[in-house]
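User: Hi, can you walk me through this one? I'd like to start with the ligand.

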Amino acid sequence: MASMLVAEDLSAVGGISLSAAVPVLAAFDYQVAALPTSLLSTHTSGYGRPAILSLADWLPQVFEHWTVAQLQFQQALIGYVGSVELCDLLTAYLRDAQLQLIVVDPVLGDLGKLYAGFDAAYVDAMRRMLTVADVILPNVTEASLLTGVPYQAEPDLARLLTELQQQLKLGAHAIMTGVTQADQIGCAWLVDGQVQFVGQPRLAGHYNGTGDALAAVLAGLLGQGRDLAMSIQLANQWLQAAVAATLALPDHDERQGIQLRPILRAILALDPA
Ligand code: ADP
Ligand code: MG
């Protein structure tokens, strides 16, 4: 069984981030090392101000213990981190850990804006983390923040992707998420300098945790050594099914993350890699 380190915030209520990544990766049959980067009573969208506990004092002790215990993982998925200090700590760990795959979702903002609490220094820390990544998954806002190209809802994908690729190591992939083309929403990336796009019809509404679920699905598929384009295609289909199932819920609480069951079912039905 391959083991995957997942580092992101743990929000007790809301069904996103670490709470969504763990079941997805367990369905793929990874041994999951679930590392919360901070603890929240709820996620930050729709419940008022959550009770937040920073784990900045605890995380260095975790890495020390793992070193002493000689615990090693094959893959890593990094989501919301939250501070420059933690970002640099994780980057240093990842640089030394000799992992086969590092997927970084550079969670920074949405709709053209940085999330509350983040600043230019945090964007710089995220840029440093990108240098160790094999795959990065910025949304359109994050791609603009990381490259310094002014935000546009429908951006010049070739330019953004080319500039992102320049920040990555050789052989690594920048995959932009939440990219809109006509009535479709999906992912864009480069192959031999050409923009590739895979999408599905955009469903009405805005959903929490789509990016987190997409990142977990892609980390799971790529960690099994599956083809990049095929993995992106599957991930988009499954996300679409999950959003559709969420939309179909009769008593849907809009604050809750998306329905994971369609994704879990699809993972269990996969042919062996
Ligand atoms: P985030 O900004 O949280 O990282 P995105 O908005 O990029 O997340 O969403 C990740 C993926 O989820 C998209 O690439 C798409 O595949 C899927 N998705 C998100 N919103 C919708 C929607 N309204 N309809 C269908 N699919 C969606
Ligand atoms: Mg995202």
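Analyst: Here is a short tour of the ligand site, a pocket and a UniProt domain. Keep in mind that this is a predicted model.

User: Which residues come nearest to ligand 1?

Analyst: There are 16 residues around ligand 1. Asn139, Thr177, Gly178, Leu203 and Asn236 come nearest.

User: What does glycine 178 do there, in terms of distance to an oxygen atom of ligand 1?

Analyst: One of its backbone N or O atoms lies 3.0 Å from a ligand 1 oxygen. Glycine 211 also uses a backbone N or O atom, at 3.3 Å from an oxygen of ligand 1. Threonine 210 uses a polar side-chain atom instead. That atom is 3.2 Å from an oxygen atom of the ligand.

User: And how much of the accessible area of ligand 1 does the protein cover?

Analyst: The protein covers 89%. On its own, ligand 1 has 560 Å² of accessible area.

User: How do the shell residues divide into nonpolar, polar and charged?

Analyst: The shell around ligand 1 has 9 polar residues, 6 nonpolar and 1 charged.

User: Switching topic. What volume does the second largest pocket have?

Analyst: Its volume is about 220 Å³.

User: Which residues line that pocket?

Analyst: Among them are Phe63, Trp66, Phe73, Tyr93 and Asp96. Helix 2 (58-68) and helix 3 (84-96) each supply at least two residues of the lining. By type, the lining of this pocket has 8 nonpolar residues, 3 polar and 1 charged.

User: Last one. What domain does UniProt place at residues 68-249?

Analyst: The unreviewed UniProt entry lists "Pyridoxamine kinase/Phosphomethylpyrimidine kinase" there.

User: And how much helix and strand is in residues 68-249?

Analyst: The chain is 42% helix and 21% strand over that stretch. The end C-alpha atoms of residues 68-249 are 47 Å apart.

Methods
Residues are numbered from 1 along each chain as its sequence is written. Chains are lettered from A and ligands numbered from 1 in the order in which they are written. This is a predicted model: local features need pLDDT of at least 70, side-chain atom pairs count only at pLDDT 80 or more; totals for chains, interfaces and linings use all residues. Side-chain values use heavy atoms; hydrogens and water are left out. UniProt positions are given in the numbering used here, feature names are shortened, and annotations may be inferred rather than shown by experiment. Helices (H or I, at least four residues) and strands (E, at least two) are DSSP runs, numbered from the N terminus. A residue is near a molecule or strand if one of its heavy atoms lies within 4 Å of it. A polar contact is a pair of N or O atoms within 3.5 Å; within protein, one must be able to donate a hydrogen and the other to accept it, and residues adjacent in sequence count only if both atoms are side-chain atoms. Accessible areas come from the Shrake-Rupley method with a 1.4 Å probe; for residues, only the protein chains shown count as cover. Ala, Val, Leu, Ile, Met, Phe, Trp, Tyr, Cys and Pro count as nonpolar, Asp, Glu, Lys and Arg as charged, and the others, Gly among them, as polar. On a 1 Å grid over the protein atoms alone, a cavity is a set of points where a 1.4 Å probe fits but cannot get out, and a pocket is an open set with protein on both sides within 12 Å along at least five of seven lines; lining residues have an atom within 4 Å of a point. Grid points are joined across faces, edges and corners, and a volume is the space filled by probe spheres set on the points.
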